[in-house]
Each structure stands twice: as structure tokens, then as C-alpha cells.
Amino acid sequence: MKISFPNDVIRGIFSIPKVKNQPYLKAKLQRIGIKNEEVIQVSLYTQQQVFHENISLNNLEDYLNEMLDQKFRSLELYTKEYLYAYKISSKGKLLTNKKQQKHDFVVLEHNKTKKYLIEEGMIVPPLIDLGVMTSEGKVVKAKFDKFKQINRFLEMIEDSIKEESKLKIIDFGCGKSYLTFVIYYYLTYIKKIDCQIIGLDLKSDVIKHCNEIAIKYGYEKLKFIQGDISQFKAERDIDMIVTLHACDTATDYALFHAIQMKCRYIFSVPCCQHEINLQIKNKSINPISKHGLLKERFAAILTDSIRTNILEYFGYKTQVLEFVDWEATPKNILIRAKLENIAPASSLIEEVEQWMKQLEFEQTLYKLCFKTKET
């Protein structure tokens, strides 16, 4: 029997799967605007992912009937004035209810809504353990900036690895590993890339906790090891290195290892760049150095300029990108580099050496790449 549904549906939800082993646990409906047309966007939730499809209003009634017939026992539909409830009993009988219930629902402007690679509502188990999401996939308000950072980082990676099917990655200074887990989840389960990731950090308790989470979810190719970035023994088969807020010269050691290992991809967000700031003494920058904040920012920009010059010298095509909004964090610069074996230009290093001479400082990545060869 075909059911007639209201034609002014704003949102809804399917629940109670008909078959225990069916992939979809629930489905949410939301009326949205795409360009000049309104459609119903359906979000189908599995244990680990969410899938979207858009249903035209003309086809909505057929779609709802098919879903109740084949996939779910329960459906609630909301209009501006009513809640309509439909339930299929265990004996196949249709039970209905209608309640007056005023809501200030609005049609979402789909084109203006920020789309994330990891969306709110998508169940990412490690992010629940780490306190970023609730068990329903809702982002914890206090962690929303972290959620945006993670997605922005994923966007940077996604844009660079479109042709990859297999990747081995090291996350230097992984910390609590919000990013590490999401990169592994996204590349393995969504992009279907054969992905192996190593997270490295100094803190033994953090490493222990992260390994426990990885084991809990059966992430066999994700492991965490305790260690100092400066003492890391470079490998030869690493495709990508990642650093998110590796402090001060830890970023330089990570970039040095990437150069040694000839990593094809580098994604590095620097942090706490004190090294040059503490050394600069030249009077020519007094208008800057007499203001601590200006000197700090000048030193950070100079540090990252040196890093990009050195990466370019070793054959990398580099970009310096805004990572997240300035309001979220002032540490919002990401260095993205891809190895393209560009012929080295000596002028790149000459520029670095000129800066160091004029402003009377030394820089760790330069020393690691060039001074070690001299001794």
C-alpha cells in the first residue's frame, strides 16, 4: 500500500533498520536550496561513514515509500506546523500519528554551507575517544576549532594526492594525534588508499594511549612510537611527512629528515619559532626589534622563508598557505611542498646566507643541510 506524505516536508529522520545486518543505521532528511531549486538532501549513516544524495520534491513520496518498505521501520517528518510519525509494526501494520508542533525551520542554502571532508554527523570512532565528537557524531563545541583545523589539513592533502593508491606517512610530533587518526581514517576508509602511518612523539603516556586507540579500532597500519625528532633515523621509503605545530626547531629536524628521505610530499605547520628571534641583534631592524611582537612575527616569517628556500634548493615545489583563519590561531601558516626534482639554484642558498650574515643569526635547517657536510 502506497502511503501519502505531506508535500511541505522541512526535515525528517528514518530509524529502526528492518534488517539487522543492513549497512545503514539511520537516515536524516533536510530540505535545502541548490541554486534556484529546492530538494531533500538525504544523509545515510553507516557505522563509520555518511553518504549523501539529493531527492527531487517530485520523487520524494516514492522515495519515502521505498525506504519504509525496504530499509526502515520508523519515519518522522517535520513541517512548519506538524510532526508526522509513521511506524511499521513487527506484523507489517502501518501505525501513524500527527501532532501540531510549530517550528521555526528554515531551508538551508546549500551553496553557502561550508562542506568539510569529515562532516559533522560522520561517525569517526577515534575522534569520539579523543573528545572531538559525541557518540552521535556531533562536534563538541569547545573542539570546533580543532575540527576545522583537521578538515583544512585534509583539504591540503586531498588537493595534492589525487593519483595516489599507496602512501607511507610519518607524523612528526603527533601529540594526542587528532590529525594522525583522521588522516589514517580518511585515506584508508574514504579514499581507499593503502595507507601506513607512523606517529612520533616524546611523551610515552600519549604514545601508549594512541596505540591503545589504534588497536581498539583495528587500525593495523597505524602505530605510534616514542622518540625525539632530532634523533630519528631516516628511512628511504617514506612518501609523506606531516607536522602540526612541531615546536621551534623540531620543524627543522622534520624537514631535514624529509629531504634526506626524499619524501614526495611535505605538509608542515610551524609553531613557536624562537630560534632566530633570540639571536637577531642587527641595529638595522631596530624599528622592528624594539617591539617584541613585531620582532617575533618578523623572525617567524624569516624562518619560514629560509625553510622554503632550502626546500626549493633540494628540488621541491613549495607553497606557503593560510592554514586556518587568523581568528582561530596566529600560528596559521602551512608549508606545502612536493618533490619535483627541480634543478637546484645556488642563489636560493646565497640568499639565506646573506640574511644570516647581515642579521647575525644561525638557522637549524641550514646547519643540518649544509654545515654537517662541511664537518
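In strand 10, Leu200 is the bridge partner of Phe172. That pair belongs to a predicted model, in which strand 9 and strand 10 run parallel and are joined by seven bridges. To get from strand 9 to strand 10, the chain passes through helix 4, and this β-α-β crossover is right-handed. Strand 10 itself is mostly covered, with six of its eight residues buried.

On to the next neighbour. Strand 10 also runs parallel to strand 11, with five bridges between them. Here Ile197 stands opposite Leu222 in strand 11. The chain crosses from strand 10 to strand 11 through helix 5, and the handedness of this β-α-β crossover is again right-handed.

Seven of its seven residues are buried, so strand 13 is largely enclosed by the rest of the structure. Which residues point each way from the strand? Tyr265, Phe267, Val269 and Cys271 point one way, while Ile266, Ser268 and Pro270 point the other way, and all are buried.

Strand 13 has strand 12 (residues 240–247) as a parallel partner, over seven bridges. Within that pairing, Cys247 has Cys271 as its bridge partner. The link from strand 12 to strand 13 goes through helix 6 (residues 250–261), as a right-handed β-α-β crossover. Strand 13 also pairs with strand 15 (residues 333–339), but there the two run antiparallel, joined by four bridges. Ala337 in strand 15 is the bridge partner of Ile266.

The pairings described so far line up like this:

| Strands | Sense | Bridges |
|---|---|---|
| Strand 9 and strand 10 | parallel | seven bridges |
| Strand 10 and strand 11 | parallel | five bridges |
| Strand 12 and strand 13 | parallel | seven bridges |
| Strand 13 and strand 15 | antiparallel | four bridges |

Now for the packing. The largest nonpolar core has 51 residues, and Ile118, Phe153, Ile169, Phe181, Ile183, Leu187 and Met240 touch the most other members. Among the elements that give two or more residues to this core are helix 3 (144–158), strand 9 (166–172), helix 4 (178–190), strand 10 (194–201), strand 12 and strand 13. Helix 4 supplies the largest share, ten residues. In soluble globular proteins, nonpolar side chains tend to be buried together.

What does Leu187 touch, leaving aside residues up to four places away in sequence? The list is Ile161, Leu167, Ile169, Lys192, Ile193 and Cys195. Another core, of 38 residues, lies apart from the largest one and includes Ile170, Ala258, Met261 and Leu311.

Finally, a look at the whole chain. There are ten helices and 15 strands. The radius of gyration is 26 Å, whereas a compact globule of 375 residues would be near 21 Å. Along the principal axes, the C-alpha atoms fill a box of roughly 85 × 45 × 40 Å. Of the 375 residues, 48% count as buried. The chain exposes about 19,800 Å², and carbon and sulfur atoms supply 50% of that area. Among contacts between residues at least 6 apart in sequence, 66% join residues at least 24 apart.

Terms used:
Residues are numbered from 1 along each chain as its sequence is written. This is a predicted model: local features need pLDDT of at least 70, side-chain atom pairs count only at pLDDT 80 or more; totals for chains, interfaces and linings use all residues. Side-chain values use heavy atoms; hydrogens and water are left out. Buried means under 20% relative accessible area, exposed over 50%, partly exposed in between (1.4 Å probe, protein chains only). Two strands pair if DSSP finds at least two bridges between them. A crossover is right-handed if, with the strands pointing away from the viewer, the path from the first strand over the helix to the second runs clockwise. The radius of gyration is taken over C-alpha atoms; the globule rule is 2.2 Å times the number of residues to the power 0.38. Contact means heavy atoms within 4.5 Å. Accessible areas come from the Shrake-Rupley method with a 1.4 Å probe; for residues, only the protein chains shown count as cover. A nonpolar core is a set of buried Ala, Val, Leu, Ile, Met, Phe, Trp, Tyr and Cys residues joined through side-chain atoms within 4.5 Å.
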